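Here is a short briefing on one protein chain. Look over the sequence and the model before reading the points.

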Amino acid sequence: MEGVAHGKSSFAPADYKVWRNVRDYGARGDGVTDDTAAINRAIADQNRCAHDCGSSTTKPAVVYFPGGTYLVSSSIEMYYNTQLIGNPNSRPTIKAAGSFVGLGVITSNPYVPGGWGAQWYIPQSNFLRQIRNFVIDITSVPNIQPAGIHWQIAQATSLQNIEFRQSTAADSNHQGVFMENGSGGMLYDLVFNGGALGMYVGNQQFTTRNLKFVNCRTAIQIHWNWGWTWKSLDIQGSTVGISMLSGGDARGTGSAIILDSHIQNTRTAVLIPSIIDDGGATAQLQVILDNVKLTNVPDAVRVDGGAVVLAGGNKVIESWGIGRRYANAAGTGEFLKGGNITPKRTIPQSLLGSNGYFERSRPQYESIPASGFFNVQNGGAKGDGISDDTAAINKVLAQQAGRSIVYFPAGTYIVTDTIFVPVGSKIVGEAWSQIMGQGSKFADMNNPKVMVKVGNPGDAGIIEITDMLFTVRGATAGAVLMEWNVKQTTPGSAAMWDSHFRVGGAAGSRLQVGECPKLTGRVNPNCIAASMLLHLTSTSSAYLENVWAWVADHDLDILAQTQIDIYVARGILIESKGPTWLWGTASEHCVLYQYQTFQAENLFMGMIQTETPYYQRTPPAPEPFTSALGKFKADPTFSDCPAGSNTCAFSWGVRLVNSKNVFTYGAGLYSWFSSYSQDCLKTEDCQQRMVETISSTGIWLYNLITKAAVEMITPQGGRAVPQSENHYAFGATIMAWLPSSGMI
């Protein structure tokens, strides 16, 4: 990063700096000088979005740390829309001084002094954060319960390649990650050494992958959540591996999947508060252990202060759980108080890697010299939010495929026609560089037009995309933001990480509160903004990790974060025959559906998340896209909705149509409003249906969480599963739904 040119924000003052090196602000990194003030200056410089802002898209920042040891005496305050990046070839250490005072060495959401719990940002909309390539060392801090990172965040956030060093003293109160709220998110490639807690976490839903804990007294404590998918945990030498004790309400912790993990030399693998089955109205928390290896673990699952539910030892737990299971032809459920989950899932070999389901971390290209990158601006693109960069980008991508990594410096790259990404392309952004479609070619919903085309049908090979953002400007009702055609030639060779889709709500979009206010009584045609966010075609395969597809529900650039009406027809359509993996993805606020599979096969989805548009039922689905139904396969028409229904014509969270071998390990699907009113939350009936299955088999659905949907799952020709059978804490949860597995 030190050897390349850096970009600018298209909507900030001309002298605004996106890229900042902490050394340029006075940080020494010598392990002796207190670098706190210098680091915070680097983050805050040029009046960025802090406690009096709410959120902002105009002033992103990449704050770079060369190798060294940076001594801090109080918290590093991470502003909105910020990436903190250490040198991956010489990971910097951020070391808390013995005099350190603060909630975390790095805090993503500072508390306001004297504010009675008030914080800088709303946790559920604390988007756009990234920290990678650091060692966080709190071993010198006295026993005052500091944390390495205070991470209270939402979507489009990640922690990667971080080691946490904590005191190994028997009475240590240190913890690596402290998280009390939010709606995340992705964590991966983290190592925790010592301390009372590796992670103390609470969040609506989350995905974590490849975490190692060594000699933490408790590796993980989940003090509240709705759903969490934990993949590839390596826990060594703990008293408790995963604690699901909330510390208050025994039902505060919702559900968790422990997947493809190894726990060793640990007294208790999973500690739970109790097992409660009171007829389904408020049933016990849900726990799934799937391909979990135990080595010298006496108790696999134990009730706090009570009985051992599952004995440990030295063994592999193939598929075991606590919670409500639906596994018969009649579609009725039973509460499993701890037992093997049957029928037994059969996983296609193509979805597997060296440790269960395949996983691949984002490349950082740390061994590639600056000469191995080609700056798209050197090929004529401007990235200024004004110039048409279509031709320049297409020329660069065509010339550099298989030769250089194409680097998009920070900026907004306007395109008026399709951008083609050929096989062999590797694309890297800076502070989520934007490709923004605009113009007449994207205007017609009855003639959809692809904005970014990734390969042609039938193409196979390598394509890698990281740190990009795909968006539109103005009335682009026919835009398909991305069509993904490429198929892998080796596992995960066709992949995208930490890249997002955003429609509206941001500077330069012409889709903000001034143009698209809510509750006007009509649909503004200038706010009909896309036909689809992402299409995985039938010839494709894909590895997607930490990809957020968001139609803005509010304006990100005003303090009030006022709600807005933006209309996009479809979220993510998956026709891929696979193998395809979705780790930590989300799709929100589209009119017809958020996720839909059609004739898809060999698909893995790990903790997906959706929200229904807040404006529905005004207008009801499929409006305003009625005339464009059928432009894509299996569009829902909502013609089966009864006349006069106030809950039926709402977007589907997930539709599985004519598909097979679909493995979903966690899904949080939420409905919060009806015509912007939340009165429906009182009766938990904002919409009638959330998940639909049609003529599909090999459907393995684990840990489904819904909010305010009367029917959690509506299988065609089968029994609808009512949320009334599955209430737990804040929503409704099903441990396993298997009637369409093909094994009943």
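The points below cover fold, surface and core.

This is a predicted model. The chain carries 48 strands and three helices. Buried residues account for 65% of its 744 residues.

**Overall shape**
- The radius of gyration of the chain is 24 Å. A compact globule of 744 residues would come out near 27 Å, so the chain agrees with that expectation.
- The C-alpha trace spans about 70 × 65 × 50 Å along its principal axes.
- Take the contacts between residues at least 6 apart in sequence: 71% of them join residues at least 24 apart.

**Surface and charge**
- The chain has 53 positive and 56 negative charges.

**Nonpolar cores**
- Nonpolar side chains tend to be buried together in soluble globular proteins.
- The largest nonpolar core here holds 212 residues. Trp-151, Trp-230 and Phe-470 have the most contacts inside it.
- Strand β13, residues 218-236, gives this core its largest share, nine residues.
- A second core is separate and has 23 residues, including Tyr-188, Ile-341, Trp-583 and Leu-738.

**Around Phe-470**
- Neighbours within four places in sequence are left aside here.
- Among the contacts of Phe-470 are Ile-435, Met-451, Val-452, Ile-465, Leu-481, Met-482, Met-496 and Phe-501.
- Phe-470 also touches Ser-499, His-500 and Arg-502.

How values were computed. Residues numbered from 1 in each chain as written. Predicted model: local features only at pLDDT ≥ 70, side-chain atom pairs only at ≥ 80, totals over all residues. Heavy atoms only, no water. Helix = DSSP H or I, 4+ residues; strand = E, 2+ residues; numbered from the N terminus. Rg over C-alpha atoms; globule rule 2.2 N^0.38 Å. Buried < 20%, exposed > 50% of the residue type's maximum accessible area, 1.4 Å probe, protein only. Contact = heavy atoms within 4.5 Å. Lys, Arg positive; Asp, Glu negative; His and termini not counted. Charge placed at Lys NZ, Arg CZ, Asp CG, Glu CD. Core = buried A, V, L, I, M, F, W, Y, C linked by side-chain atoms within 4.5 Å.
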